[in-house]
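Subject: Structure handover

Hello,

Here is the structure for you to look at. Please open it next to this message; my notes follow below.

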There are 2 protein chains.
Amino acid sequence: MDAIDRTLIELLRDNARLSYAELARQVGLSPPSVHDRLGKLESTGVIKAYRADVDPEAIGLGVTAMIMIVQEPGHEIEDMTIRFRQQPEIESCYFMAGHESFLLIARLGTIAELEQLIGRINRVPGVASTRTTIALSTKWEQRPQPHRKPPAAATPG
Amino acid sequence: MDAIDRTLIELLRDNARLSYAELARQVGLSPPSVHDRLGKLESTGVIKAYRADVDPEAIGLGVTAMIMIVQEPGHEIEDMTIRFRQQPEIESCYFMAGHESFLLIARLGTIAELEQLIGRINRVPGVASTRTTIALSTKWEQRPQPHRKPPAAATPG
DNA sequence: AGCGTCCGGTCGATGGCGTCCACGGACGAG
DNA sequence: CTCGTCCGTGGACGCCATCGACCGGACGCT
């Protein structure tokens with residue numbers, strides 16, 4: 001995980017469809033070498049996936065909701081997580097510090113679907129209460145941020 | 001935006017580095033045709049970007065925080081949004097229904113950096129108060145979900 | 001110092017891919 | 001019917017992905 005790896009990651013966070021050849025030019029290595037480095041970054045879990053970032057409204061998921069969950073004592077966090085995972089509408093699931101133990105971010109087509117999802121969540125053992133707010137608008141999402149340490153200089157001759 | 005487009009989107013949400021040739025095989029069209037469709041989906045904003053999904057901890061961003069903001073009357077939402085956008089640590093920004101007007105999701109290296117970020121946010125005009133909780137663990141994030149309508153069958157025969 | 005080994009790089013080859021262009025059928029409007 | 005538009009196909013050509021062989025520096029042992 002050196003400066004060149006960090007540069008590769010940063011380039012791919014901006015555009016995951018860059019060719020190995022283009023990446024190689026940007027970091028000043030040969031394409032097979034880039035191929036090798038990315039293979040390692042993928043297999044060690046640094047790069048988890050390559051995803052198309054799609055406008056949710058365009059695929060019928062115009063409603064974004066944040067669901068916060070207060071936990072009842074005497075229930076396993078893992079069991080609750082598994083039950084939440086079974087709801088495909090839940091895009092992200094965080095276990096939180098504070099009064100509310102879980103934050104779920106859900107993506108749905110309609111408010112009616114949200115109502116049904118909340119109903120299903122309330123039936124999960126260990127859920128004491130839920131509090132839901134919906135996003136009126138998304139200003140931005142998943143913006144990549146620069147790394148702490150400056151990325152590689154492509155060591156010119 | 002037909003069933004084939006939806007299939008392409010779903011395939012690319014799982015793996016944004018699939019080749020045009022592979023996509024073409026999956027949907028039963030020729031590669032140039034897929035190229036054409038994706039170009040349209042990109043230029044109409046349905047596909048916003050292709051991103052590598054990176055383990056935040058691997059790039060020194062092990063702290064995930066949710067910052068909720070109560071708004072003071074008499075300030076423009078847009079002005080506040082612009083100020084928030086200037087903080088690179090803020091990965092996502094939602095304008096919410098409810099008592100707290102904004103939900104910010106921030107990614108940082110240390111708690112000390114979080115403290116500084118909260119300080120900067122509190123200095124933004126229009127911020128009446130902030131409430132922050134940190135994620136103790138991320139159960140999952142950005143999981144793609146299936147579309148409402150069934151995706152394309154690659155019309156055999 | 002001399003040597004073996006490992007790691008990570010380059011180079012070369014080849015099969016497949018990306019992408020441009022010209023062409024053609026389906027379909028609706030006049 | 002005729003035309004225009006849309007959306008697809010196929011061919012061509014240059015570039016890319018990817019594998020294997022080889023190379024050189026770093027390091028540890030004798």
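Between chain B and chain A, 51 residue pairs are in polar contact, counting pairs with both residues at pLDDT 80 or more. Please keep in mind that this is a predicted model.

**The interface**

The largest share comes from β5(B), with nine residues.

In total, 68 residues of chain B are in contact with 67 residues of chain A. The area buried between the two chains is about 6400 Å². Carbon and sulfur atoms give 53% of that area. Which residues of chain B lose the most area to chain A? They are R17(B), R51(B) and W140(B), together 14% of what that side buries.

The rule finds four salt bridges across this interface. R51(A) forms a salt bridge with D53(B), and the closest N and O atoms are 3.5 Å apart. K139(B) forms a salt bridge with E78(A), also with a closest N to O distance of 3.5 Å. K139(B) lies in strand β5 of chain B and E78(A) in helix α4 of chain A, so this pair joins two chains. K139(B) is partly exposed, with a relative accessible area of 22%. E78(A) is partly exposed at 40%.

T81(A) is found in helix α4 (residues 77-85) of chain A. Is T81(A) buried or exposed? Its relative accessibility is 0%, so T81(A) counts as buried. Leaving out residues up to four places away in sequence, T81(A) touches F102(A), K139(B) and W140(B).

**How the copies relate**

Chain B can be laid on chain A by a turn of 180° and a shift of 0.0 Å along the axis, with an RMSD of 0.0 Å. The two copies are therefore related as by a two-fold rotation axis. The same surface serves both copies: 99% of the contact residues of chain B recur in chain A.

**The nonpolar core**

The largest nonpolar core has 39 residues. L38(A), I47(A), L23(B), L38(B) and I47(B) touch the most other members. In both chain A and chain B, the elements giving two or more residues to this core are α1 (3-14), α2 (20-27), α3 and β1 (47-54). α1(B) gives the most, with five residues.

I47(A) has contacts in both chains. Neighbours within four places in sequence aside, its contacts in chain A are I9(A), L12(A), L38(A), L41(A) and E42(A). Its contacts in chain B are A52(B), D53(B) and V54(B).

L41(A) lies in helix α3 (residues 31-43) of chain A. L41(A) is buried, with a relative accessible area of 5%. Residues up to four places away in sequence aside, L41(A) touches M1(A), D5(A), I9(A), V46(A) and I47(A). L41(A) and R6(A) are 35 residues apart in sequence, but their C-alpha atoms are 10 Å apart in space.

**Salt bridges within a chain**

E89(A) forms a salt bridge with R120(A), with the closest N and O atoms 3.4 Å apart. E89(A) lies in the loop between α4 and β3 (90-96) of chain A, and R120(A) in helix α5 (residues 111-122), so the pair ties together parts that are 31 residues apart in sequence. E89(A) counts as buried at 11% relative accessibility. R120(A) is partly exposed at 26%.

In chain B, E141(B) forms a salt bridge with R107(B), and here the closest N and O atoms are 2.8 Å apart. E141(B) lies in the segment after β5 and R107(B) in strand β4, so the pair ties together parts that are 34 residues apart in sequence. Both E141(B) and R107(B) are buried.

There is also a network of salt bridges that links D2(A), D5(A) and R37(A).

**An exposed loop residue**

T44(B) is in the loop between α3 and β1 of chain B. T44(B) counts as exposed at 58% relative accessibility. A polar atom of its side chain lies 2.8 Å from the backbone oxygen of K40(B). A polar atom of the T44(B) side chain also lies 3.4 Å from the backbone oxygen of L41(B).

Best wishes

Methods
Residues numbered from 1 in each chain as written. Chains lettered and ligands numbered in written order. Predicted model: local features only at pLDDT ≥ 70, side-chain atom pairs only at ≥ 80, totals over all residues. Heavy atoms only, no water. Helix = DSSP H or I, 4+ residues; strand = E, 2+ residues; numbered from the N terminus. Buried < 20%, exposed > 50% of the residue type's maximum accessible area, 1.4 Å probe, protein only. Contact = heavy atoms within 4.5 Å. Least-squares fit on C-alpha atoms with pLDDT ≥ 70 in both. Core = buried A, V, L, I, M, F, W, Y, C linked by side-chain atoms within 4.5 Å. Buried area = accessible area lost by both parts, 1.4 Å probe. Salt bridge = Lys/Arg side-chain N within 4 Å of Asp/Glu carboxyl O. Polar contact = N/O pair within 3.5 Å; in protein donor to acceptor, adjacent residues only side chain to side chain.
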